[in-house]
Amino acid sequence: MTATLDNPTATESKPTFESLNPANGDVVGVHPIASKAEVDAAVARAHDAAEWWGGLSFKEREEYLLTWRSVMTRRIAQLAQLSSLETGKPTGDAQLEIVMAIDHIAWAAKHAKKILGPQKVKSGLLMANQASTVEYKSLGVVGVIGPWNYPVFTPVGSIGYALAAGNAVVFKPSEYTPGVGQWLADTFTEVVGGRPVFQVVTGLGETGNALCTSAVNKLAFTGSGATGKKVMAACAQNLTPVIIEAGGKDSMIIDQDADITKAAEAALWGGMSNAGQTCIGTERVYVHEKVFDKFVAEIAEQAKVLKAEPGGLIGPITMPSQIGIIKSHIDDAIAKGATVVTGGSDAVGERFVQPTILTNVPENSTEITEETFGPTLAINPVKSMDEAIELTNATKYGLAGAVFAKKNGVDIARRVRSGMTSVNSVVAFAGVPSLPFGGVGDSGFGRIHGPDGLKEFTYAKAITRQKFKPLMMLTSFARDAKTDDKAAKLITMMHGGKKTLK
Ligand code: NAD
């Protein structure tokens, strides 16, 4: 008997689960549910593989990673097709996230040496006799737990950077996208001649929990905040450090001098693409009251071409349990007085949700306060950009966001409490490999991508080498009162006289 996600207990000795096409319920694949013992065994194999992988030079790892990148690129249609089947997203959208992931792998591979390799640092006057260096060493084995909404781009943000930093990886993909996870690990394994440097363990939450309590040296989690808390608690048992990439309630802020047509185009895509199932998707829009009506008319016009349907621009809702949440947010907003521009309560079907645009949405409704993760937009007028920033920041989340403005775009972006903001575009930062990706507050902590993302999968190693005898021998019991006096005079000269209490 094969288990379903609702009933994961199979009677045969090796339990399995099915991944289903959310557009029609067809079975896409059957995958094993890895037990605690199997997860521990995978992590043990990974530790052995890490000896080899971590022992290679940066250049050698770069070669392997760039080969993997090329294999992925040449097989992009195959991977996009699989991702589309498991998530329901259009293949073009599936390809887009793979394109970005490929670019990240290449960047991490090419920059690891410069960012993580030994670097000289100044020793300062007190330690002038020392030569000081810092380098960033691999941790060993990194566990990665991923979501289903971007089954390539999101985990590769951790996996690619962890591998480039010299770690082995054990990845637990979402139970909705196990085939994509397996595909990624299989192609990498081909590249490294079968060595278990990057392995996949498939299963449900219990398998994820087993990875948290295994002998991994760090755990990178991407998913909901609720699961993130469980992950942290489980990792605490072994004092395993964690990265949490969780949800968001990102806003787009539109100033009175913004290009309204472009802003509407961006808000529509930011809110509705991937059926709104994007951690960094636009969920709220705050528009200066002077251009509010114009903006709403423009976005309503542009939204006319959008339809959620098989083969359409918008796919199904991947996770059936989300449908009820999306409906409850729409209903709550309407009950509290929001105006329906398009869509509404009837827009929520069995598998598909039609684009829903609401205006004047009360700030205390769940459509504003909770992550909706569906194709909805809440658009509210504001009197000033100060108000837009205040409302944007009045959330427990702090992942990303966007600003549309001609004059003050960057200033407004700086005042938004979130990890990433794009000005006059949406989600552009995710495609810039040298920029860090991550949030604050309930959106999590830690960073993937960029130099910060490479360092996240390492520990800093400081080394001092004595070049010549110190002028004052401070670290010895042979130190006398004269030396203490000299040290006091030196430190007073260096730091004493500059600032005094008034
Ligand atoms: P989820 O929290 O339900 O699941 C994420 C992963 O955790 C899955 O692989 C799941 O099997 C695993 N899991 C479940 N219970 C577990 C447990 N007790 N211990 C360990 N692992 C466990 O999230 P989801 O529905 O797959 O993803 C959607 C969420 O992810 C949204 O909130 C979205 O905003 C967020 N997300 C965030 C980012 C980001 O970078 N910040 C990116 C993509 C998605």
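This is a predicted model: local features need pLDDT of at least 70, side-chain atom pairs count only at pLDDT 80 or more; totals for chains, interfaces and linings use all residues.
Let's start with a pair of helices. Helix α1 covers residues 36–55 and helix α2 covers residues 58–74, and their axes come within 8 Å of each other. Two packed helices are described by the angle between their axes and the distance between those axes. Here the crossing angle is roughly 110°, and angles of 65 to 115 degrees count as roughly perpendicular, so α1 and α2 are roughly perpendicular to each other. Who does the touching? On the α1 side, W52, W53, G54 and G55 make the contact, and they meet R61, Y64 and L65 of α2. By type, the residues of this contact split into four nonpolar, two polar and one charged.

Strands of a sheet pair through backbone hydrogen bonds, either parallel or antiparallel. In this open sheet of three strands the order is β3-β4-β18, and the pairing is antiparallel. At the edges sit β3 (119–121) and β18 (458–466), each of which pairs on one side only. From one strand to the next, the twist averages 30°. If you zoom in on β3 and β4 (residues 130–138), you'll find three bridges holding the antiparallel pair. One spot to look for is V121, whose bridge partner in β4 is S132.

Now move on to β5, residues 141–145. Is this strand buried or exposed? It's mostly covered, with five of its five residues buried. In a regular strand the side chains alternate between the two faces of the sheet. You can follow that along β5: V141, G143 and I145 point one way, V142 and V144 point the other way, and all are buried.

β5 pairs with β6 (residues 168–172) in the parallel sense over five bridges. Within that pairing, V141 has A168 of β6 as its bridge partner. To get from β5 to β6, the chain passes through helix α5 (residues 153–164), and this β-α-β crossover is right-handed. β5 also pairs with β8 (residues 218–222), again in the parallel sense, over four bridges. There, G143 stands opposite L219 of β8.

What does β9 pair with in the antiparallel sense? That partner is β17 (residues 444–445), and two bridges join the two strands. E245 turns up again in this pairing, standing opposite G444 of β17.

Our last stop is a loop residue. T282 lies in the loop between α9 (260–272) and β11 (284–288). Why does T282 count as buried? Its relative accessible area is 5%, and buried means under 20%, so T282 falls in the buried class. Leaving out residues up to four places away in sequence, T282 touches D250, M252, A267, G270, G271, T376, L377 and V426.

Note on methods:
Residues are numbered from 1 along each chain as its sequence is written. Side-chain values use heavy atoms; hydrogens and water are left out. Two strands pair if DSSP finds at least two bridges between them. Axes are lines fitted to C-alpha atoms, for helices over the stretch in contact, and angles run from 0 to 180 degrees between N-to-C directions. Buried means under 20% relative accessible area, exposed over 50%, partly exposed in between (1.4 Å probe, protein chains only). A crossover is right-handed if, with the strands pointing away from the viewer, the path from the first strand over the helix to the second runs clockwise. Angles under 35 degrees count as roughly parallel, over 145 as roughly antiparallel, 65 to 115 as roughly perpendicular and the rest as oblique. Contact means heavy atoms within 4.5 Å. Ala, Val, Leu, Ile, Met, Phe, Trp, Tyr, Cys and Pro count as nonpolar, Asp, Glu, Lys and Arg as charged, and the others, Gly among them, as polar.
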